[in-house]
Structure formats: C-alpha cells, structure tokens
Amino acid sequence: MIIEDVLCPFCGCLCDDIKVEVEENQIVGVKRACRLGSSKIRGHERIKAPMIRVDGKLVETTYEDAYEKAARILLNAKRPLLYGWCSTVCEAQKKGVLLAEELGAIIDSTATVCHGPSIIGIEEKGLAGSTLGQIKNRADLIVFWGSNPGEAHPRHAQRYSSNSQGKYTPEGRKGRKVIVVDVRKTRTAKNADKFIQIRPGTDYEIISALRMIVAGKGDTLPEHIAGVSKADLEEVAEMMKSARFGSFLFGLGLTHTRGRYKNIDNALSLVAALNSHTKFVVMAMRGHYNVTGFGQVCAWETGFPMSVDFSRGMPYFNPGETAACDVLGRRETDAMLVIAGDPASNFPKTVVEGMADIPVIQIDPFENPTTYLSDVVIPSAVAGVEVEGTAYRMDGLSLRMKKLVDSEYPSDEEILANILECVRRLRDDN
Amino acid sequence: MIIKGGTVYDPTNGIFGEEMDISIENGKVVEKAKTGDVIDAKGLLVMPGGVDAHAHIAGAKVNTGRIMRPEDGRRGLEPKTKLLRPSTGYTVPNCYAMGYRYARLGYTTTFEAATPIIESRHTHEELEEIPIIDKGALTLFGNNWEVLECARDGDIDKLAAYISWGLRASRGYGVKVVNPGGGEAWGFGGNVTGLDDPVPDFDVTPREIIRSLMKANEMLRLPHSVHLHTNNLGKPGNYATTLETLKAVEDIASSMDRQVLHITHMQFSAYGGTGWRDFESKAPEIADYFNKHDQFTMDMGQLIFGSATTMTADAPLEYANARLLHAKWSNHDIELEESSGVVPLSYGRKMPINAIQWAIGLELALLTESPWKILMTTDHPNGGPFVNYPEVMTLLMSKPKRDEEIATLHSLVPKRSTLATLDRELDWGEIAIMTRAAPAKILGLKDKGHLGIGADADVTIYNLNPEKIDPSKDYKKVKEAFSLAKYNVKGGEVVVKDGEIVSLPQGRTYWVDATVPEEHALRVEADLVDKFTKYYSIQKSNYMVQDAYVTNPMVVKAGVI
C-alpha cells in the first residue's frame with residue numbers, strides 16, 4: 001500500500017509530500033524525503049520494553065510499574081522539570097502542560113538550547129514573518145545567516161526558498177539572489193551569489209553596520225567592520241534594499257553566538273527598517289519538526305512559549321532563571337522527565353552532570369545518551385509514523401501528521417495521561 | 001430548571017423588564033419545566049447570555065500576541081484551583097482565561113473575527129481549549145487569489161463555490177473581508193488607497209471584491225452577511241471611504257432576514273481630518289447614514305484606555321502603527337490568502353488622538369437611533385480587552401459617567417467630537433439588544449440572544465434590580481454587577497454562581513456547510529489543483545481542517561437553492 005502526502009517527522013520543514021510504502025504493517029519504501037527524513041520514517045532499533053534502574057542497571061518491567069515509579073519520582077520531587085517536547089505532537093505537549101500544572105513543575109522545551117534566544121529577541125522586537133509559501137512565490141532575495149539548510153534542512157531550498165518556483169518566481173534559482181553569511185564556507189554557501197565570511201561572534205557588529213548603511217549613515221563606518229570590508233556590506237545592503245521581496249533566514253549560527261538574543265533583536269530591527277524600502281521577512285530556521293508546536297501550545301495554554309515555572313500555582317516565565325539549564329545548573333531540579341528530546345547530548349557538560357545526580361524519567365521510542373542516565377525508561381510509539389497528531393512547521397503553519405503503521409507501543413500522550421492519573425491517585429491516597 | 005421571578009429583558013420577544021419565570025429543560029428554554037432546580041431571581045436583572053460577534057480570541061495572531069508580549073502574560077494571573085486551570089494575560093489571555101472571563105461577564109457565545117483558511121487548524125486548536133462558551137470563526141476571503149480572480153472575471157457562481165469550499169476547509173462560519181486587495185498588495189509591501197485602486201497584478205478593485213463577495217454571500221444564503229473591515233481603516237479622513245463603500249453596495253439585496261453588510265469596529269473607520277493634526281470625529285455623518293439605511297449594521301470597536309494589542313489582517317496598517325509609535329512589530333503574510341500584523345500599544349487619556357477615538361466609539365452608539373444596528377464591541381484586543389465591556393455599558397447608560405471621564409481627557413475631545421453634547425442614556429433594553437439580541441440576529445444565530453421557547457438556555461442573572469437602580473447615577477454599582485454575573489447558565493447548566501465558575505462544559509463550534517451546484521464546485525476544484533501544484537507550499541490533501549479539530553460541532557446548513 002502506498003500512503004501519499006505523508007508528513008515527515010524530522011526537521012522544521014515538515015515536508016508533507018512524502019510517499020510511504022507499507023507492507024504488512026512494515027514501512028518498506030520512502031520516496032521524496034531527504035536522507036534525514038527517510039531514515040526517521042524507516043526507523044531503527046527501538047527500546048524494547050519499559051525499564052527501571054535497579055542496583056545501577058536498567059532492567060525490564062511493566063508499563064504499569066514504570067508509570068507508578070515515574071509518578072512517585074515526580075511527586076517526591078520539590079522542583080521537578082519536564083523537558084524535551086520537540087519531536088512529538090501537540091496532543092502530547094498539551095498533556096505535558098497539564099502534568100506540569102498538577103505537579104507545580106517547570107516545563108521547558110529543547111528551544112532553550114536552540115532558538116530560545118530567538119524567542120527572547122521576538123519578545124523585544126516582534127517578528128516580521130510570513131509562511132514559507134510566501135517566500136516560494138515572491139522572494140527574489142534570500143539571506144541565509146548562520147543557517148545551513150544544505151545540511152540541516154535538505155529540502156528547504158527546493159521546496160520553499162532559493163531554488164523553489166512560484167507565481168512571481170517562475171525562474172526559480174535563476175531569478176533569485178542568494179546571500180550567505182557564515183563563519184565558514186558551508187554547503188549552503190556554495191549555492192550563494194554572495195558569501196560573506198565573518199569572524200565568530202561578530203554578527204552583532206555586522207548587522208549594526210548594515211542597519212547604519214540602510215539608514216543612510218554608512219559614512220561614519222570605518223573601512224572594515226569586524227574584518228569585513230565596508231564595500232561588501234554596502235553591496236549587501238544595496239541588494240537588500242533593491243530586492244522586491246527579501247527574506248532573512250537565520251539559524252543557530254546567529255542565535256547561539258556571542259550576543260545571542262541581542263543578535264536576533266538586531267536582525268529583527270534590520271528587517272523592520274528594510275520594510276520602509278521594500279518588502280522583507282525574517283524567519284528562524286527551526287530544527288526539530290514540532291519544536292515550533294511546543295511554543296504555540298505552551299503559549300496558548302500558559303501565556304508563555306517556554307521555560308514556564310508552575311511552582312506558584314500559576315505560570316511564571318523568566319528564562320535565565322526558569323529555563324531547563326538554569327534550574328539544572330543551579331542544582332535546583334531534583335527530578336526530571338525527558339520526553340522527545342536528548343539533553344544528555346545537547347546540554348552543557350556541567351548541566352548533564354547535574355542530571356546524573358537526580359532521578360530521570362525518559363519517554364522516547366529510541367535509545368540515546370539520555371537513556372544511560374535515566375532511572376525509568378518508557379518506550380513510546382513514534383509520533384508522525386505510528387501516531388497521528390498536530391505539528392507546527394517552522395513558519396507556524398499547523399498540519400496533521402499521519403499514522404502509517406500500527407504500533408505495540410503506547411503514544412506519548414497515552415503515557416503522560418497514565419503518569420498523570422498515577423500522580424492524582426497517589427496524591428489522593430496521601 | 002426554573003429561573004423564578006426575575007426582571008427579564010428579552011428584546012427579540014418584545015419583553016422589556018417583565019417579571020417572569022424562565023423554564024429550562026435539556027439545554028433549551030421550554031414552556032414549563034417538569035423538574036429541576038429553582039433559581040430565585042426575584043428583583044434581579046435577567047437577560048439572555050451575552051453574544052460577542054467580533055473578538056480576536058484564537059489562532060495564529062492571538063498566539064503571536066502572547067509570544068511577543070510576556071509583559072502582558074504577567075498581568076491577570078490567577079492560580080489554578082481544584083476546578084480551574086491558571087489564568088494569565090490581560091489583552092491576550094491564555095485560552096482558559098478567555099472562557100472563564102467571558103462566562104463571568106455573563107457571556108455564552110463569542111465569534112473569532114478572522115481566520116485565514118490555511119491557518120484555521122491552529123484557530124480551532126485554540127477554540128477547542130477555550131472552555132464554556134460556544135464559538136465560531138469568520139473566515140478571511142478579501143485577499144485570497146481565487147477570490148480576486150473570480151471577482152475580476154465577474155464569476156459569482158464560481159466565487160460562491162469557492163466560499164463554500166473555503167468555509168468547509170476552515171470549518172468557518174462566515175465571510176470576513178479585511179482591507180480588500182490591500183493584503184495582497186502588502187505581499188510586496190504595497191497597499192490599496194481606496195475603492196477603485198486596482199490590486200497589483202490582479203486587475204481587480206476593492207469595490208469589485210466587496211460587491212462580488214456580497215453577491216456570492218447572498219447567493220449562498222449564508223446565515224451571516226459579509227463582515228467588512230474597510231479599506232483605509234485607521235487613517236484620518238477615512239469616513240469618506242466608509243461612506244463610499246456603503247453607497248457602492250446599496251443596490252445589493254439581502255437574501256435573508258438580516259443586514260446585507262456588517263461593517264466592523266466602525267470607530268476605526270469614522271475619522272475626519274486630512275492628517276493627525278486636524279483629526280476629528282465623523283461619527284455623526286456615519287450614524288446619520290445608518291439612521292437612513294436599514295440594510296447595514298456595525299459594531300462599535302470602542303477604545304479602552306490603557307494597554308491593547310492590535311492584531312489584524314490589515315498588515316500595512318500595523319506596519320504604519322509600529323513605525324509611528326516605535327512599537328514592537330510582528331507581521332505574518334500568508335501564501336495566496338492574506339497578510340496580518342500584531343502591534344502592542346497603549347491608549348492614553350491625554351493623547352489627543354486616543355481621546356478622540358474613545359469619544360467616536362461612544363458617539364456612534366449614541367447617535368445611531370436603533371440599537372439593533374450597532375453592537376457593543378471593543379474589537380478585543382484592538383480597542384481594548386473584552387473584560388472592559390461593563391465599562392462600556394456604563395458609559396452608554398450614564399451621561400454623568402461620561403462627563404466625569406471627559407474631564408480627565410485631553411481638552412480637544414469636546415472640540416473634535418460631539419460626545420459632550422449628547423444627553424442620550426441607553427436603558428436596560430437597549431443594552432440587552434446591543435450585547436445579546438442584535439449580535440445573535442446579525443450573526444444569524446436563531447437560538448441565541450433570546451429566551452423564547454426553543455432558544456438555547458443561555459441565561460444571565462445580574463445582581464441588580466433594574467426597577468430600583470438608576471444607572472445614570474449609580475453607574476459604579478451597575479459596572480460592578482455587569483462585571484461578575486450572579487448566575488450564568490449556559491445550555492441549561494449553571495457555569496457561574498456569585499461570580500465564581502462552578503462548572504466547565506465544553507462549548508460548541510458553529511460552522512457553515514453550504515452546498516453549491518456541482519458544475520461550479522468542479523470548476524473551483526480544477527483551479528485549486530492548479531494552485532496547489534504550482535503555488536501552495538503544502539499538499540491539497542493536507543489543507544482542510546480535519547474533524548479531529550472540531551470535536552463539538554454545530555453545523556449550519558446553507559447553500560444555493
């Protein structure tokens with residue numbers, strides 16, 4: 001059986017044109033997806049059964065036992081943290097927010113070590129964005145800044161940006177200019193008309209210089225700005241101003257270098273100013289397929305998109321104080337639930353060391369480094385392959401993920417609902 | 001259930017302040033209930049549940065407001081309780097707070113004012129999370145490529161077929177039009193300047209778009225009329241565009257017993273002056289026109305001093321706002337369909353423009369003779385948050401209250417508006433019309449906004465005795481009573497008692513399923529296949545809102561006969 005128009009549960013592109021061939025409840029073919037997506041849809045070795053740590057070793061147990069152990073760990077904690085959420089569907093995320101409320105926990109997503117600073121930048125300035133289709137149909141200038149879709153979002157160029165075709169862009173790549181700003185010549189840079197190589201950590205200065213040139217105050221700039229020639233930046237500024245529709249697509253290269261959210265603030269200000277000359281939009285190149293969805297769900301449920309602390313019985317949001325790395329780094333967190341994320345691979349070393357000292361519950365279809373420091377491991381069905389549900393693309397567009405095959409594993413949502421039920425029952429017993 | 005002995009205002013059924021019982025069974029008003037609880041409403045004001053026909057309560061732009069405004073989220077915090085989830089926010093509350101706050105005000109129905117088809121899944125995700133109230137969403141059609149092409153070609157049959165498809169795809173209730181043509185022009189940073197300024201690349205004018213959509217709307221016999229946000233909204237001198245728009249559609253007849261066009265948040269479209277310097281009210285001109293024409297309706301879009309979050313599909317307006325005020329600016333352009341923007345701002349009493357805007361909203365309501373023609377709204381959260389409705393009600397009911405307010409405002413108010421000269425004070429019946437009967441009638445909700453036999457058992461009891469209290473003098477007491485309903489009964493269930501939420505039923509979502517002749521549906525289908533193949537960034541099969549997102553639907557049938 002061929003299933004058409006499948007959504008890919010890998011990156012923020014959320015491609016929805018994948019063809020999947022299923023035979024006897026097995027995925028036997030994946031077409032149109034990139035290698036990253038194809039490998040996720042085909043799947044790999046799974047965690048076989050729920051496990052709990054006994055005498056330092058993970059041993060198999062029943063789901064009921066794992067739920068109860070997880071609930072007890074969370075109930076006994078003074079400052080539990082529920083973390084991850086980027087690779088599951090909104091239905092599970094909603095359940096997670098409810099669990100956090102019930103526990104008075106902190107809930108945070110992988111954005112905290114990803115586009116979290118971008119969101120703080122947006123809080124400062126707002127975001128002048130669009131859907132990806134708008135870029136496809138209109139953009140004659142694409143700026144990739146600190147983003148490398150050539151490797152991280154392999155189908156982005158073809159479907160949505162530099163090489164896509166649309167109503168006002170019938171020539172595709174030929175009718176467009178592409179500018180890449182990065183610290184090294186990436187695969188994306190090889191496709192650029194203009195590549196500006198900058199020194200790590202100088203994004204803020206370069207963007208400030210561009211803003212001055214766009215504002216007509218370039219005269220006061222020196223000949224070189226952070227090692228980049230003024231003439232190059234004047235050329236870039238001119239390309240930006242003279243575009244009919246420009247788009248500024250930034251990645252972690254801008255978000256996670258020196259300046260962090262201030263870089264984003266500056267980039268958003270540049271785009272706002274460019275709109276006095278022409279049309280310009282800006283977008284964060286979000287990584288996991290539904291990290292955007294967590295921000296949306298968390299915002300409509302709590303008022304805030306991440307790093308929400310429920311210990312006061314109502315949402316309190318103060319990244320820098322309430323983000324996952326903050327509370328773990330201060331050794332405040334005394335129990336952690338990790339779902340659809342892998343902090344052991346992505347957090348700073350000292351923070352991971354903190355995780356090793358506290359009970360950790362993991363919910364995931366696949367083993368990853370976080371498994372090694374988990375005390376309860378609950379395997380789940382793969383959202384978007386074995387479970388249907390909602391995901392938000394990097395531009396905020398929501399789509400419904402399909403279920404392709406049946407699974408013997410429970411969904412993330414089911415697992416969370418069971419833990420929540422145990423939490424309520426155990427609390428009532430006391 | 002019987003609500004006993006209240007002083008009932010049910011304008012639809014000609015009841016204005018009669019002492020009577022309301023019997024309820026199975027969620028409906030009945031002749032006589034056999035069993036059930038008795039609520040003693042003796043000496044208390046009883047009205048149908050409030051109906052809000054225009055507020056931005058769900059979807060991408062509301063959530064954009066939340067995400068860009070953590071400072072707003074920190075206001076209005078209420079902790080979780082055994083029953084309730086936590087509340088946050090003032091201008092952009094979280095979903096739960098939306099439901100709780102409407103219920104406490106005595107409202108039972110609210111319609112989200114604008115959803116682009118392609119982003120309607122998100123809108124419904126949020127609507128589903130809003131507890132208690134019934135809801136629906138108006139779907140944006142004013143800048144949609146298929147609409148522009150049909151209007152250009154004068155193909156009303158095909159346009160009607162597209163609207164039918166778009167309402168089904170978005171699970172939407174009606175045709176919302178925002179700055180027609182301007183949203184498409186904004187795709188390249190432009191706008192349209194008036195009714196006859198052609199939309200770039202589409203060879204169609206706003207006049208043609210509005211007329212075509214209205215004709216198609218009436219051809220489909222939709223329960224609601226076209227719901228229009230005018231061109232040039234928010235600009236000095238725009239009352240001329242507003243009047244020109246109305247005159248341009250005087251020949252179009254309504255297919256139903258309702259208005260043929262609803263112009264929304266009129267306050268923002270009733271401005272005189274050639275610029276901000278000589279900015280002035282043209283509310284008298286607008287009201288005069290409405291007094292002479294019965295086929296049009298409007299809502300106030302009243303401004304509330306303090307924090308607001310403006311959010312609209314009128315994206316060029318938002319960019320202008322942001323540049324003028326040096327405010328945060330979010331923009332969101334939507335492929336083939338719309339553009340939109342969000343800008344937080346604060347309305348100041350001493351700011352001459354804001355103070356005059358405040359006066360214009362009230363002038364419109366007081367100068368329009370029939371309360372059936374003008375609804376009370378704040379265009380939440382554009383003019384201000386809906387929790388301020390009691391403030392607006394008391395302003396309309398009390399001249400002394402208005403005078404007291406005007407004394408605190410910029411001194412230009414009496415010079416640039418007629419408000420200070422208006423003595424009219426609305427009575428209980430008129431308030432019941434503007435907040436219940438008329439919005440239900442204008443939306444075409446037959447079972448809402450009244451308490452006749454068969455109506456939805458949505459009933460509000462306020463803690464005031466309309467026989468004894470003089471709202472002109474005792475406006476503080478009136479505001480207090482309107483702010484926290486003594487009882488709010490939703491679908492026969494008590495949801496608020498003494499101002500506290502006591503139960504959380506899941507509300508219904510209204511949407512319109514309109515049928516069209518197959519030949520036209522097929523022509524639209526062919527166009528859609530072409531557009532999805534060439535232009536959309538998603539597949540057609542993934543586009544339509546699935547049933548999973550509307551778990552408690554109320555489907556209203558319409559269509560071409």
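The assignment, which is automatic or from a database, gives domain 1 as 46-114 + 289-429 and domain 2 as 116-284 of chain A. Eleven residues of domain 1 of chain A are in contact with nine residues of domain 2 of chain A, contact being C-beta atoms, placed from the backbone, within 7 Å.

I noted that the model is predicted, with local features needing pLDDT of at least 70, side-chain atom pairs counting only at pLDDT 80 or more, and totals for chains, interfaces and linings using all residues. Residues are numbered from 1 along each chain as its sequence is written, while chains are lettered from A and ligands numbered from 1 in the order in which they are written.

I then turned to the strands (DSSP E runs of at least two residues), which pair if DSSP finds at least two bridges between them. Chain A has an open sheet of nine strands in the order β5-β4-β20-β19-β18-β6-β7-β16-β17, with mixed pairing. Because β5 (57-60) and β17 (316-317) of chain A each have a single partner strand, one side of each is left without a neighbour in the sheet. Within chain A, β19 (360-364) and β20 (376-379) run parallel and are joined by four bridges, and I363(A) has I378(A) as its bridge partner.

Between the chains, I found 46 residues of chain B in contact with 53 residues of chain A.

Definitions and conventions:
Contact = placed C-beta atoms within 7 Å.
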